[in-house]
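Morning, everyone. I have one structure to walk through, so let me put it on the screen.

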Amino acid sequence: MPRCLPLAFLAAPLLLLALPAQSSGPAASVHDGEAVIIAHRGASGHAPEHTLPAYDRAVEMGAHFLEPDLQMTRDGVLVAFHDATLDRTARGPSEFCTGPVRERTLAEIRECDVGSWFNERFPDRAHPSFEGLSVVTLSELFARYGDRVRWYPETKQPDQNPGMEEALLALLHRHGLRDAAVERGHVLIQSFDPESLRRLRTLDPELPLVQLLSRQAMAGRTPAEVLEAVAGYAQGVGPNHSLIDAGFMAAARQNGLFVHPWTVNDPVVMDRLLELGVDGIFTDFPDLLADRISALGR
Ligand code: G3P
Ligand code: CA
């Protein structure tokens with residue numbers, strides 16, 4: 001696994017004077033010159049997304065960060081789940097395993113199998129052990145891996161899940177990870193929704209935050225415009241990888257932001273991004289990205 005140091009800072013003091021003021025938290029950088037490997041929904045190219053086998057494989061493959069997307073159940077439990085609805089990846093009784101996650105209790109969702117869909121969709125990567133896998137809670141993930149790994153939770157549909165940010169912060173405290181976030185950048189919190197990040201910043205101004213950027217979010221605006229605004233409340237950006245070019249990277253550096261594009265499974269695209277100097281990449285295949293980083297010395 002590439003070596004990563006505790007919080008390093010982005011630039012020399014004289015350069016920092018030229019940058020916009022970071023209005024929250026440390027100038028978090030989790031990098032020591034090598035790109036970080038962010039296991040997208042776990043090693044979700046190898047095992048069903050957001051299941052323990054996917055997270056275990058990500059750790060085995062040397063991923064630096066595990067990425068749980070967060071949904072909240074009707075009884076207020078944060079679970080690692082990408083979609084707002086259960087339909088794509090859950091199998092089981094329709095009264096429990098279809099429809100919005102937020103309309104089901106954790107006990108109901110536990111009735112669902114979230115592994116079989118992977119075997120159906122990817123027969124070449126299927127494994128019998130994936131059948132019957134359960135949804136995992138964020139608390140269970142934190143308890144299983146703790147600070148042996150780094151964390152990259154994403155608040156999903158936060159406008160429809162009020163209290164999500166408070167619940168996440170409470171879990172960081174309960175599992176002793178809040179200081180890992182603030183002092184070492186070992187927890188980065190991401191969202192497409194700037195309001196969710198601002199709520200987090202209000203709750204705890206020191207948390208390192210990452211603004212996700214879709215092509216739609218950039219429409220009609222230059223990278224310089226967008227990234228200057230983001231630098232007012234976040235330490236990094238997570239752009240769709242197709243947004244990255246030399247101009248984007250220059251604007252990010254000008255604004256003191258680290259850059260972690262998503263979601264890249266093609267080694268040719270990985271190489272292009274690494275050559276452009278991105279600070280890390282979200283991938284379903286942490287082993288493949290580790291190989292590219294090693295090959296390029298990035
Ligand atoms: O969070 C980075 C990337 O995962 C964003 O896309 O839809 O996979 O959460 P999505
Ligand atoms: Ca995500």
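**The ligand site**

Start with D69: one of its polar side-chain atoms lies 3.5 Å from an oxygen atom of ligand 1. That is a polar contact, meaning a pair of N or O atoms within 3.5 Å; within protein, one must be able to donate a hydrogen and the other to accept it, and residues adjacent in sequence count only if both atoms are side-chain atoms. E154 also places a polar side-chain atom by a ligand 1 oxygen, at 2.9 Å. For K156, the distance to an oxygen of ligand 1 is 2.7 Å. On its own, ligand 1 has 280 Å² of accessible area, and the protein covers 90% of that. Areas are Shrake-Rupley with a 1.4 Å probe; for residues, only the protein chains shown count as cover.

Ground rules, quickly. This is a predicted model: local features need pLDDT of at least 70, side-chain atom pairs count only at pLDDT 80 or more, and totals for chains, interfaces and linings use all residues. Residues are numbered from 1 along each chain as its sequence is written, chains are lettered from A and ligands numbered from 1 in the order written, and side-chain values use heavy atoms, with hydrogens and water left out.

**W117**

Next, W117, which sits in helix 5, residues 116–121. Helices here are DSSP runs of H or I, at least four residues; strands are E runs of at least two; both are numbered from the N terminus. Is W117 buried or exposed? W117 counts as buried because its relative accessibility is 5%. The cut-offs: buried is under 20% relative accessible area, exposed over 50%, partly exposed in between, with a 1.4 Å probe and protein chains only. A polar atom of the W117 side chain lies 3.1 Å from the backbone oxygen of V114. Leaving out residues up to four places away in sequence, W117 touches P48, E49, R88, T89, R91 and F122. Contact means heavy atoms within 4.5 Å.

**Helix 13**

Now helix 13, residues 267–276. Its buried residues are V269, M270, D271, L273 and L274. What do they pack against? Strand 11 (280–283) and helix 14 (286–296). At the start of helix 13, a side-chain oxygen of D266 comes to within 2.8 Å of the backbone nitrogen of V268. After helix 13 comes G277, with a positive phi near 95 degrees.

That's my tour. Over to you.
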